[in-house]
Amino acid sequence: MKIGIPRALAYYAYYPFIKTFFEKLGLEVVVSDETTKEIMDKGVEDAITDACVPVKLFHGHVKNIKDRVDYVFVPRLVSVNNEATFCPKFLGLPDMLECSVTDFKNMLEVRIDLKKKRLRLFMLCMSVARKFKKGFFTAYNAYFKALYSFKNYAHQFLQGGIPPLGIVAQRKNSPIRLGVVGYPYMLYDPFLSLDLIKKLINMGVYVVTPEMVPEKDKLKQAKKLKKTLFWTFSNSVVRTAYHFFEKRCVDGIIHITAFGCGPDFIVDKLMELEAKSRNMPYLTITLDEQTGQEGLNTRLEAFVDMLKIKRTKKEAALA
Amino acid sequence: MRKVSFPYMGTSYIPFNKLLTALGNEVVLPPRPNAETISLGCKFAPEFACYPFKIVLGTYVQVLEAGADTLVSTGGVGPCRAGLYTTLQEKILKDLGYDFEMITLEPPGRHLKDLIESIKKLVNTRLSFRDYINIGRFVWKQLTLLDKAERLSHKVRPLEVKKGETTRIYKKCVDLVADAQNMTELSEVEREIELLYEGIDKKDFDPVKIGIVGEIYVLLEPSANLEIEETLGELGVYVERSMFLAGYTVSNAVMDLFHMAGERDIKKLALPYFKEMCGGHGRESVGNAVHFAKRGFDGLIQLSPFTCIPEIVAKSILPRVCEERGMGFLAITLDEQTGKEGVRTRLEAFVDLLAAKRKKAKLMQKSQLAKEMS
């Protein structure tokens, strides 16, 4: 039996777990092709116009894969911890797909709500395994292998690598350290982010993304906001930025956001105001399906050059 | 004495003003959102902020300039962004250099302690238990009367002979409610409202029926939705809105206290299409659409601010709901650049289509009847 996983949204945050789990269950896993212009166009065709690019892209990936597999895995991500849920578009994703993609009958909808229940993830995996008529021990084994694979993946990030982009390690002696914050599905999709991270690394920048900051350090920043944000990924982004502001371990921050992203208007403004008061260079880049390579290059180069000049000035003053 | 102000939404300022004054505060009445409010809001708000955020922010700047030192607004538990408005607005306004206190009234279900804390800050006079009951009753009565006046205006407007008379009467009713001082006066006002509406000359015909669903702020605030109900009414359409202030207060303040979901039947109706609560009024929009269809409405209009997340989810589902149930569907996205005339053109076309559809259905029925007769 073939199971398809669209390469969009939650995929970039949790793919080692999802992929390993289904593989170890003994199913054939097919991940949709890497994002191309064609997939993007297909998504834009079907999705509602007001939706943000990542959601449109998910439609495209579903269309790319749905005729090749028996089931397409569409997660309804509700929550993965006690403090927050996901963006409403994640909550309503299967409903949106059902209405906007024509002839989509083989959706495997899995509701993921891990709020306030221990072993919830384990139970969930068991129930998915039962759907495919797999035994308890196969599922048990698959669950732990998947968990191990996810931990390994998270560890690679902490070592300075960016596994989804195939970057194993970065040069530690780069002159500029830059915090690049944004949601995993924006940052790690090379087509959507126009290869922004690799471009920065080629300019001699050491890139730090939210996943590369230990969870512990992020949680320390939680109390700085009067009210916790409602969205898991947004919390991670804001806390990472606050961590950077406090420790001053980066020279500047770039925020990558999608055009029309709902939660980001709050996230972006919060970070912008904080950056202003803490005197930290801050750049917001809004991406959509029409962003051009050259415009982005110019802005990135200007930002990095500015940081370099700032640093040499500082060093000169110290000397 | 605290100088308190709050966001402007529909006619809610009348009971809110009464309530805050009775609790011993000086109230700085927010102005009706106008061009200045919106341009102030857009200037200071982030670009992708939803329209209500911009209007409310603009209102805050205006009332702070007018001397308010405390702002009261509602919170929420998400995942709709409205629950975080106050957090961000406070930061933006402080960054602009205003000095004030922001009081957020959180829903009682999850934040009962915070809510009581905030209410305590707003009570600045000694009141007996009896006073509280009296204030509560009075404000509630005002709320229901305002809703009643509005409901009647929707019913009567399409039938009026003289254009604009209903709107005039409605404004008079609102003034009457606002001027009433005690319960007896309010009861008199109630009778007067009915009499006033009865006094309007009416035509006798069956108007096209359109249901309106969508995000609460743009639904309830006429200046945000470009007076869509008035425009439609004058086109001879019976309009019904899915949400009124009193009902909203019950389901979000009272029911929440006992951890009960409000509008349960509406949510049940939405279930086949919309399986998850996704914040805001996305699911209610879908549920109400089904409800309107069941009651034989001709069309459905969805109002949503640009980039409103729950309504975007609803928007991708609503066309299917309407198609399955034979209802016309029009989605109107509102932001600071939406022009009234553009919307009017779209509304006129929509109404014409619905009327034509109705006529066609009637003709079909007639010809079928004729066939059966022969």
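**View 1. Chain B as a whole.** Take the contacts in chain B between residues at least 6 apart in sequence: 73% of them join residues at least 24 apart (contact means C-beta atoms, placed from the backbone, within 7 Å). This is a predicted model, where local features need pLDDT of at least 70, side-chain atom pairs count only at pLDDT 80 or more, and totals for chains, interfaces and linings use all residues. Residues are numbered from 1 along each chain as its sequence is written, while chains are lettered from A and ligands numbered from 1 in the order in which they are written. Of the 374 residues of chain B, 44% count as buried (20 or more other C-beta atoms within 10 Å of a residue's own).

**View 2. The open sheet of chain B.** Chain B carries 15 helices and 8 strands (DSSP runs numbered from the N terminus: H or I of at least four residues, E of at least two). Four strands line up as E6-E5-E7-E8 in an open sheet with parallel pairing (strands pair if DSSP finds at least two bridges between them). At the edges sit E6 (237-241) and E8 (328-334) of chain B, each pairing on one side only.

**View 3. E5 beside E7 in chain B.** Strands E5 (208-214) and E7 (299-305) of chain B run parallel over 5 bridges. Val213(B) has Gln302(B) in E7(B) as its bridge partner.

**View 4. Where chain A meets chain B.** The contact draws 30 residues from chain A and 31 from chain B. On the chain A side, H12(A) gives the largest share, 7 residues.

Key: Two residues are in contact if their C-beta atoms, placed from the backbone, lie within 7 Å. A residue is buried if 20 or more other C-beta atoms lie within 10 Å of its own, exposed if 12 or fewer, and partly exposed in between; C-beta atoms are placed from the backbone.
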